[in-house]
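This report describes selected features of one protein model. Please consult the sequence and the structure shown here while reading.

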Amino acid sequence: MTPEPAGIVVVGASLAGLRGAEALRRGGYDGPLTLVGAEPHRPYDRPPLSKHVLAGELAADATRLPELTDLHARWRLGSPAVSLDRAARTLRLADGSVLAYEALLIATGAEARPWPAETGGGLAGLFTLRGRDDAAALREALVSRPRQVLIVGGGLIGCEAASCLRDLGLPVTLVDPNPAPLARGLGSFVGGVIASCLRDAGAAFRPNTMVHAFEGDAAGHVARARLADGSTIETNLVIAALGATRATGWLRGAGLKADAGGVTCDAACRVLDADGAPCPDIYAAGDVARWPIPLYGDRLIAVEHWGNAVEQAAHAARNMLAGPGDQRPYAHLPAFWSSQFGINIKVIGLPEGADSVAVVQGSRSSRRFLAVYGRAGRSIAAVSFDQARWLPAYAEAITAGAAFPPIIDATDQPRVQTAAPGFPSPRQAAPARPSTETVDV
Ligand SMILES: Cc1cc2nc3c(=O)[nH]c(=O)nc-3n(C[C@H](O)[C@H](O)[C@H](O)COP(=O)(O)OP(=O)(O)OC[C@H]3O[C@@H](n4cnc5c(N)ncnc54)[C@H](O)[C@@H]3O)c2cc1C
């Protein structure tokens, strides 16, 4: 097929893709612009899916992202990119068309890790939650009032779903291989607060528990979970909240550094080829991109947070339009929020890897507090539960590599006591996770 000239091509028409395309136009690019999206929908927002959409407060199709600039773009929706030929500067879509690109922004994000088919993954009543259609299907199943819901995985999405489902009055059990929910991202010291919220909300929390397989009834609908210890839990609706893998399968054979942990970029968001050299015409942003973060020792990290998708896409677009001599490094302090059990949680920095944590304001028992994480005597991250007012001050301290425990000037908290953050060992935390680092509490 003759390649269609497509100008700058953005692959992945979601948050990072849309904001990147807008930044290209704002930055003065007036050539052809093409957005390729696997889903049939215009870009929509994912955070409400596990909150307001599950709760029935917002329809799944009412999550469309505002389009802030007139893009004058060609939208190629509903047909994913399936391969990339860097020598020919073309990419092929699933519908067989071939696009010739001037430059490429990879923003293909991540996909929910599915439950394996050989241990019950194909049964009806088993859901994952990543996209708008997942949320609509799950919401529809909830409306028919399942007898017993089982949530596998106590990360952000598992906990937010548990919170919504308890608000709906549905019986919920949450199982997690770790001692506390959110333990992988925030540690058990802080995650223990969410464990108490789960219990107070009337959910059954089963820590240190692994599901081995799901079994179905004669109609092929999920009926029970068989646990690693041989016991069973009866259930007729399962939410598998197992984290995500980066959507990089379409890049196989393209000669780039890419795998299920992400597409590797340099500090300027340029994608690295298999030899580690930056490609001058291929950039990446959002959940799919991993890049060296100086604040964390230049470790290659993929950050699965809304704020990163927006900022990194704009930064990548800026560098795409700049000359090779003006490639600026992307400086970003990771940050995310969550709302669950009536609590507004905000996190700045990357708590994982901390060796110590200190509550600097409020208390865990009141569920209103601000805690700072430290590593080797430096403050590296902070979390607030309904206490975000002082977070910006800690953001500055973390960026500056301030001492830990932080020196604070709060009369209500004269002494700061440190504790072990309680991060699980990798084996405890992660059945079948990809080998590269990702941040997806
Ligand atoms: C349920 C849920 C709740 C969340 N809540 C929060 C929150 O409270 N706070 C927070 O900070 N973050 C939250 N996040 C994370 C946040 O939504 C993501 O960080 C953000 O969506 C990343 O945007 P992205 O564009 O990089 O990737 P994505 O949103 O994953 O979009 C990637 C797009 O690329 C498409 N695509 C994939 N492969 C191809 C291909 N080969 N060709 C073409 N298109 C392709 C996908 O279909 C998708 O539309 C949440 C995520 C989910 C799923």
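## A buried arginine

Arg246 counts as buried because its relative accessibility is 3%; buried means under 20% relative accessible area, exposed over 50%, and partly exposed in between (1.4 Å probe, protein chains only). Arg246 belongs to strand 18 (residues 244-246), strands being DSSP runs of E with at least two residues and helices runs of H or I with at least four, numbered from the N terminus.

## Basis of the model

The model is predicted: local features need pLDDT of at least 70, side-chain atom pairs count only at pLDDT 80 or more, and totals for chains, interfaces and linings use all residues. Residues are numbered from 1 along each chain as its sequence is written, and side-chain values use heavy atoms, with hydrogens and water left out.

## Salt bridges

Side chains of opposite charge can pair when their charged atoms come close. The structure holds 21 salt bridges, each defined as a side-chain nitrogen of Lys or Arg within 4 Å of a carboxyl oxygen of Asp or Glu. One of them joins Glu304 to Arg246 (2.9 Å, N to O). Glu304 lies in the loop between strand 24 (299-303) and helix 7 (306-321), and Arg246 in strand 18, so this pair ties together parts that are 58 residues apart in sequence. With 16% relative accessibility, Glu304 also counts as buried.

Another salt bridge links Arg19 with Glu22, whose closest N and O atoms are 2.9 Å apart. Both residues lie in helix 1 (residues 15-26), three residues apart, about one turn of the helix. Arg19 and Glu22 are both buried.
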